[in-house]
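Here's a quick briefing to read with the model open beside you.

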Amino acid sequence: MASILTAITIAIGAFGAHGLKQLVDAESVATFETGVRYQMYHCLALLVVGFAKPIPAKIKKWVFRFFIFGIIFFSGSIYLLALKQVLPFNVSFLGPVTPIGGLFFIVGWLWLARGLYSLK
């Protein structure tokens, strides 16, 4: 799953780097790139966690869930907000969703830390 998400992230990033500049202003492109960057960090983290044998499966599952929801809420809302100039509908209501996604990322990292601490 992490590999598939990483491939999707690369495709989204390529769109942002090559196609987005013609559609929206520079500030929106920078915002979009932030979403891609956070998504890529968490996809790579999922890949590492997935292959880390000492981490219990239960911890991996929760980290996966938190990171996936973080990607959807944080990066997903940022993508839509960055595209608001060209979307045929209003996405301003998504502004408060972005920090919720960030919170999912933070909780995922804390859950991972808790799981790693329990390995001692």
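Thr-98 sits in helix 4, where helices are DSSP runs of H or I with at least four residues, strands are E runs of at least two, and both are numbered from the N terminus. This is a predicted model, so local features need pLDDT of at least 70 and side-chain atom pairs count only at pLDDT 80 or more, while totals for chains, interfaces and linings use all residues. Residues are numbered from 1 along each chain as its sequence is written, and side-chain values use heavy atoms, with hydrogens and water left out.

- Thr-98 counts as buried because its relative accessibility is 11%; buried means under 20% relative accessible area, exposed over 50%, and partly exposed in between, with a 1.4 Å probe and protein chains only.
- Not counting residues up to four places away in sequence, Thr-98 touches Phe-73, Phe-74, Ser-77, Ile-78 and Leu-81; contact means heavy atoms within 4.5 Å.
- Gln-39 is placed in helix 2, and at 3% relative accessibility Gln-39 is buried.
- Setting aside neighbours within four places in sequence, Gln-39 is in contact with Leu-5, Thr-9, Ile-12, Ile-71, Ser-75 and Tyr-79.

**The chain as a whole**

- The chain has four helices and zero strands.
- Buried residues account for 38% of the chain's 120 residues.
- Of the contacts between residues at least 6 apart in sequence, 74% join residues at least 24 apart.
- The C-alpha atoms fill a box of roughly 50 × 25 × 20 Å along the principal axes.

**Nonpolar cores**

- The largest nonpolar core has 17 residues, and Leu-5, Leu-46, Ile-55, Val-63, Phe-67, Phe-105 and Leu-112 touch the most other members; such a core is a set of buried Ala, Val, Leu, Ile, Met, Phe, Trp, Tyr and Cys residues joined through side-chain atoms within 4.5 Å.
- Helix 1 (2-18), helix 2 (26-51), helix 3 (57-82) and helix 4 (97-117) each put in at least two residues, with the largest share, seven residues, coming from helix 3.
- A second, separate core of eight residues includes Leu-20, Val-29, Tyr-79 and Ala-82.

**Helix 1 and its faces**

- Which residues of helix 1 are buried? They are Ala-2, Leu-5, Thr-6, Thr-9 and Gly-16.
- Seen down the axis of helix 1, these fall within an arc of 100°, so they line one face; the arc is that of the directions from the helix axis to the C-beta atoms.
- The buried residues of helix 1 pack against helix 2 and helix 3, while Ile-4, Ile-10 and His-18 are exposed on the other side.

**Aromatic rings**

- The structure holds 15 aromatic pairs; rings of Phe, Tyr and Trp (its six-membered ring) pair if their centres lie within 6.5 Å, and planes under 30 degrees apart count as stacked, over 60 as edge-to-face and the rest as tilted.
- Phe-15 and Phe-32 are edge-to-face because their ring centres are 5.9 Å apart and their planes are at 70°.
- That pair links Phe-15 in helix 1 with Phe-32 in helix 2, 17 residues apart; Phe-15 is partly exposed at 36% relative accessibility, whereas Phe-32 is buried at 3%.
- Phe-66 and Trp-111 make a tilted pair, 5.9 Å centre to centre with 55° between the planes, joining helix 3 to helix 4 across 45 residues.
- Tyr-38, Tyr-41, Phe-67, Phe-74, Phe-105 and Trp-109 form one aromatic cluster.
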